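Subject: Structure handover

Hello,

Please find the structure below. My notes follow it.

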Amino acid sequence: MTCFSFLFGRRIDSSRQFGVVDEDLGDVPNVKCYSYKELKNATGDFCDANKIGEGGFGSVYKGRLKHGEIAAIKVLSTESRQGVPEFLAEIKTMSEIEHENLVKLYGCCVEGNHRILVYNYLENNSLAQTLLGGGHINIQFSWRTRTRYLTT
Ligand SMILES: Nc1ncnc2c1ncn2[C@@H]1O[C@H](COP(=O)(O)OP(=O)(O)OP(=O)(O)O)[C@@H](O)[C@H]1O
């Protein structure tokens with residue numbers, strides 16, 4: 001509850017940079033809120049050495065949270081084609097779904113203009129990279145296996 005009061009409280013400020021949010025946040029379930037400071041510490045100040053990827057949302061960093069959990073920390077970039085509505089939609093969707101094959105949303109950070117999502121960290125990068133090669137991947141599939149995954 002505290003988290004979403006906080007979201008509401010910051011909506012006006014964040015709208016300057018990310019655009020006004022029309023979404024009804026009332027039905028968003030409780031999600032853990034992280035401080036920007038904790039995520040900054042977790043990622044070594046979002047340093048390049050900890051950057052693990054880049055998506056439509058912005059940069060993704062690997063970090064160690066204060067209780068030791070390793071997390072994938074997705075920072076909404078100001079240049080992102082996605083905005084606060086997509087950020088909120090991702091929180092809503094991911095907090096409602098729990099499945100062994102889906103990444104788990106630990107929580108988010110909404111502080112000033114910072115919009116950050118915190119997920120559990122998955123080894124071996126994305127399935128696409130594992131199948132297509134490239135990057136530092138520990139799994140090596142045979143071409144027969146790759147073809148099977150790509151055609152099913
Ligand atoms: N939970 C995670 N664990 C480990 N690495 C991750 C995790 N989430 C994202 N990444 C890395 O960050 C990259 C970008 O991920 P992100 O989810 O932002 O975008 P995407 O799904 O690749 O693309 P889009 O945002 O356009 O849908 C991924 O390809 C992956 O390498």
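A residue is taken as near a molecule or strand if its C-beta atom, placed from the backbone, lies within 6 Å of it. This is a predicted model: local features need pLDDT of at least 70, side-chain atom pairs count only at pLDDT 80 or more, and totals for chains, interfaces and linings use all residues. Numbering starts from 1 along each chain as its sequence is written.

Ligand shell. There are 15 residues around the ligand, and Gly53, Gly55, Gly56, Val60 and Ala72 come nearest. Two or more residues each are given by β2 (51–54) and β4; strands (E, at least two residues) and helices (H or I, at least four) are DSSP runs, numbered from the N terminus. The largest share, three residues, is from β2.

Lys74 belongs to strand β4 (residues 70–75). Lys74 counts as buried because it has 23 C-beta neighbours inside 10 Å (buried: 20 or more other C-beta atoms within 10 Å; exposed: 12 or fewer; partly exposed in between; C-beta atoms placed from the backbone). Beyond four places in sequence, its contacts include Phe57, Val60 and Ile116 (contact: C-beta atoms, placed from the backbone, within 7 Å).

Regards

Terms used
Contact = placed C-beta atoms within 7 Å.
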